[in-house]
Amino acid sequence: MNVLFFGIAKDIVGSSQITFSDELKQLNSVADLKAQLIRSYPEFSRLTSIAVAVNSEYAEDDVFLTVDDEIAIIPPVSGG
């Protein structure tokens, strides 16, 4: 499962992309992925919201994940 990170999420992880392999058995849904990110990178818990896209479509927490999914983690953005 390939996970792409943007904005502050990229800064938190220290990379624009990671691949989950061993954790995959525990990552059944978007909610599971968010929980794993917070366990691995506690600073994620400070973000007010995180949008998740699965295969280029925004996904709710109950969307199931597969090994072939491409996931994007999109942090909140502010503009001016």
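Asp68 sits in the loop between β4 and β5, where helices (H or I, at least four residues) and strands (E, at least two) are DSSP runs numbered from the N terminus. With a relative accessibility of 69%, Asp68 counts as exposed; here buried means under 20% relative accessible area, exposed over 50%, and partly exposed in between (1.4 Å probe, protein chains only).

A word on the model itself. The structure is predicted, so to speak of local features takes a pLDDT of at least 70 and side-chain atom pairs count only at pLDDT 80 or more, while totals for chains, interfaces and linings use all residues. Residues are numbered from 1 along each chain as its sequence is written, and side-chain values use heavy atoms, with hydrogens and water left out.

On to the sheet. It is open, has 5 strands in the order β2-β1-β5-β3-β4, and its pairing is mixed. The edges are taken by β2 (17-19) and β4, each with a single partner strand, so one side of each has no neighbour in the sheet. Pairing is called when DSSP finds at least two bridges between two strands. On to the next pair: β1 and β5 run parallel and are joined by 4 bridges, with Ala72 in β5 as the bridge partner of Leu4.

Past β5, the sense is antiparallel: 4 bridges join β3 to β5, and Ala53 stands opposite Ala72 in β5. The last pair, β3 and β4, is also antiparallel and holds 2 bridges, with Ala53 opposite Tyr58 in β4. These two strands make a hairpin with 2 residues between them. Asn55 lies in this loop between β3 (51-54) and β4, and has a positive phi of about 50° although it is not a glycine. Ser56 is placed in the loop between β3 and β4 as well, and its phi is near 70°, again positive in a residue other than glycine. As for accessibility, Asn55 is partly exposed at 40%, whereas Ser56 is exposed at 70%.

Next, the helix side. In α2 the buried residues are Val30, Leu33, Gln36 and Leu37. Seen down the axis of α2, they fall within an arc of 120°, so they line one face of the helix; the arc is that of the directions from the helix axis to the C-beta atoms. These buried residues pack against β1, β3 and β5, a contact being heavy atoms within 4.5 Å.

The largest nonpolar core has 21 residues, of which Val3, Phe5, Leu33, Phe44, Ile71 and Ile73 touch the most other members. Such a core is a set of buried Ala, Val, Leu, Ile, Met, Phe, Trp, Tyr and Cys residues joined through side-chain atoms within 4.5 Å. The elements giving two or more residues to it are β1, α1 (7-13), α2, β3 and β5. Leaving aside residues up to four places away in sequence, Phe44 touches Phe5, Ala9, Ile12, Val13, Leu37, Ile38, Ile50 and Ile73.

Finally, the charged side chains. Side chains of opposite charge can pair when their charged atoms come close. A salt bridge is taken as a side-chain nitrogen of Lys or Arg within 4 Å of a carboxyl oxygen of Asp or Glu, and by this rule the count comes to 1. The partners are Asp61 and Lys34, whose closest N and O atoms are 2.8 Å apart. Asp61 lies in the loop between β4 (57-58) and β5 (70-74) and Lys34 in helix α2 (residues 30-40), so the pair ties together parts that are 27 residues apart in sequence. Both ends are partly exposed, Asp61 with a relative accessible area of 35% and Lys34 with one of 22%.
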